[in-house]
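Have a look at the structure first, then read on.

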Amino acid sequence: MVPFALRWLHAEIPVKLGKRQETIDRLYLLLDFVRTKLKEKGSSMLNGSVCFDAWKKREDFVINSIIGHHVSHKEFTICFKLIKDLLTRDSTDPVLLSKLGYIQMQLGDLEGSKTSFSKVESLMKEENFGSLLSETEYRNLVNRNKALMYLVGKDYVSAVREYEECIERDGSDVVALNNKALCLMYLRDLSDSIKVLESALERVPTVALNETLVVNLCSMYELAYVNHSDIKRTLSNWIARVAPDDFDTSCTRI
């Protein structure tokens, strides 16, 4: 039997070759395969067995992979339906609720987004951290959710404050670092926004080195410096030394 991990890799590889639709199609086929296995296991054993639970986790994993691809192409309506389906099984999953809030925000449902984020915060107050997140990760999730609401209202100062709380707890929280830098840029503080991202790349390169952060940093260079091409070339040379083989170096826009 082909291991599940190989099936998932088989689905994900085409997108790395520029064939996104093929990856989407393969992931949906993999989801059908997993659900077929669940029906087989469910008819032959009780829910709660180790084997059945493993296939349930695989189903959640594949659905989250599909959601990630749809989010990256702003296909938010599909994401909304998939997340709502997952929440019917576990309505107290803070990560899923936060994703739902983000999707609702993208769809213009700010009240729905606020409700989803409030539920995440209320679960934290009940100290219902769940098994997937540590207390620090959970508290940072709540702060990032609050910051998103401030961003929508263009209250960048308050958003920066929320992200700074995250960074104080966990200096490798790349989402908080990246978004803090963006808020500083919106506040026209390019110097500090650049320092935040450069410091992140210097301190935690294995975590911080991703295409999104590099694109944002290069955009800031272009706004801040006349000789931005030379600076981006220096960054590109550094990336070539430390980045993994599959890193998309075109994100430096040289």
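Contact here means heavy atoms within 4.5 Å. Keep in mind that this is a predicted model.

1. Let's start with Asp173, in the loop between H8 and H9. Not counting residues up to four places away in sequence, Asp173 touches Asn140, Arg144 and Cys166. Its relative accessible area is 7%, so Asp173 is buried. The Asp173 side chain also reaches the backbone nitrogen of Ala176, at 3.1 Å.

2. On to the rings: the structure holds seven aromatic pairs. One of them joins Tyr156 and Tyr186, with ring centres 5.1 Å apart and planes at 45°, so this pair counts as tilted. The pair links distant parts of the chain, 30 residues apart: Tyr156 belongs to helix H8 (residues 156-169) and Tyr186 to helix H9 (residues 174-186).

3. Are the two tyrosines buried or exposed? Tyr156 has 18% relative accessibility and the cut-off for buried is under 20%, so Tyr156 is buried. Tyr186, with a relative accessible area of 44%, is partly exposed.

4. Which residues do ring pairs link into a cluster? They are Phe4, Trp8, Phe33, Trp55 and Phe61.

5. Two arginines are worth a look alongside that cluster. Arg7 has its charged end over the ring of Phe33, 4.1 Å from the centre. Arg58 lies over the face of Trp55, and there the distance to the ring centre is 4.5 Å. Both rings, Phe33 and Trp55, belong to the cluster in point 4.

Key
Residues numbered from 1 in each chain as written. Predicted model: local features only at pLDDT ≥ 70, side-chain atom pairs only at ≥ 80, totals over all residues. Heavy atoms only, no water. Phe/Tyr/Trp six-rings, centres within 6.5 Å; stacked < 30°, edge-to-face > 60°. Helix = DSSP H or I, 4+ residues; strand = E, 2+ residues; numbered from the N terminus. Buried < 20%, exposed > 50% of the residue type's maximum accessible area, 1.4 Å probe, protein only. Lys NZ or Arg CZ within 6 Å of the ring centre and 35° of its normal. Polar contact = N/O pair within 3.5 Å; in protein donor to acceptor, adjacent residues only side chain to side chain.
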